[in-house]
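Student: Could we go through this one slowly together? I'd like to have it in view before we start.

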Amino acid sequence: MAIKMHRSSGNVFRDLGFPAEEAENLRVRADLMIALSRLIKARGLTQAAAARLFSVSQPRVSDLVRGKIGRFSVDTLIAMLGNAGVHVEITTKRRVA
């Protein structure tokens, strides 16, 4: 059996068949969730300590570390990073067709 390979678009969600706008939103949320998870690990935080730092409940942190992307908006994730003292910058660029 031959395995077909396709070059990635650079957005795994797009590659999985999500519409372009939804795929981009999912990519942004995933990147923010990864940043939060890395922060938790780098600081050696428990979920309870991370919850206090992010100003959310411990179950929200559990959802975060379990990758429950559908439970978070971009705004919420940016607010959590801000509460942790992280400066978030957003860069835009023209989409390549």
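**Working through the helices**

Tutor: Helix H3 is followed by Ser-55, whose phi is positive, near 60°; a helix here is a DSSP run (H or I) of at least four residues, numbered from the N terminus. This is a predicted model, in which local features need pLDDT of at least 70 and side-chain atom pairs count only at pLDDT 80 or more, while totals for chains, interfaces and linings use all residues. Residues are numbered from 1 along each chain as its sequence is written, and side-chain values use heavy atoms, with hydrogens and water left out.

Student: And where is the place of Ser-55?

Tutor: Ser-55 lies in the loop between H3 and H4, and its positive phi comes although it is not a glycine. Most residues other than glycine have a negative phi.

Student: Is Ser-55 buried or exposed?

Tutor: Ser-55 is exposed, with a relative accessible area of 56%; exposed means over 50%, buried under 20% and partly exposed in between, using a 1.4 Å probe and protein chains only.

Student: OK, back to H3. Which of its residues are buried?

Tutor: Ala-49, Ala-50, Ala-51 and Phe-54 are the buried residues of H3, and what covers them includes H2, H4 and H5.

Student: Then which residues are buried in H4?

Tutor: Those are Val-61, Ser-62, Asp-63 and Leu-64, with H2, H3 and H5 included in what covers them. Just after H4, Gly-67 also takes a positive phi, of about 75°.

Student: What is Asp-63 in contact with?

Tutor: Asp-63 sits in helix H4 and counts as buried, at 10% relative accessibility. Leaving aside neighbours within four places in sequence, Asp-63 is in contact with Met-33, Lys-68, Arg-71 and Phe-72, where contact means heavy atoms within 4.5 Å.

Student: Changing topic: at what angle do the axes of H2 and H4 cross?

Tutor: The axes of H2 (residues 20-43) and H4 (residues 58-65) come within 9 Å and cross at roughly 110°; axes are lines fitted to C-alpha atoms, for helices over the stretch in contact, and angles run from 0 to 180 degrees between N-to-C directions. The two helices are therefore roughly perpendicular, a label for angles of 65 to 115 degrees. On the H2 side the contact is made by Met-33, Leu-36, Ser-37 and Ile-40, and on the H4 side by Val-61, Asp-63, Leu-64 and Val-65.

Student: And how do H2 and H5 lie to each other, roughly parallel or perpendicular?

Tutor: Their axes come within 10 Å and cross at roughly 20°, so H2 and H5 are roughly parallel, which is the label for angles under 35 degrees. The residues in contact include Leu-32 and Leu-36 of H2 and Leu-77 and Met-80 of H5.

Student: Which residues of the largest nonpolar core touch the most other members?

Tutor: Of its 21 residues, Leu-36, Phe-54, Leu-64, Leu-77 and Met-80 do; such a core is a set of buried Ala, Val, Leu, Ile, Met, Phe, Trp, Tyr and Cys residues joined through side-chain atoms within 4.5 Å. H2, H3 (47-54), H4 and H5 (74-83) each supply at least two residues, and the largest share, eight residues, comes from H2.

Student: What does Leu-64 touch, then?

Tutor: Not counting residues up to four places away in sequence, Leu-64 touches Met-33, Leu-36, Ser-37, Ile-40, Phe-54, Phe-72, Leu-77 and Met-80.

Definitions and conventions:
Parallel < 35°, antiparallel > 145°, perpendicular 65-115°, else oblique.
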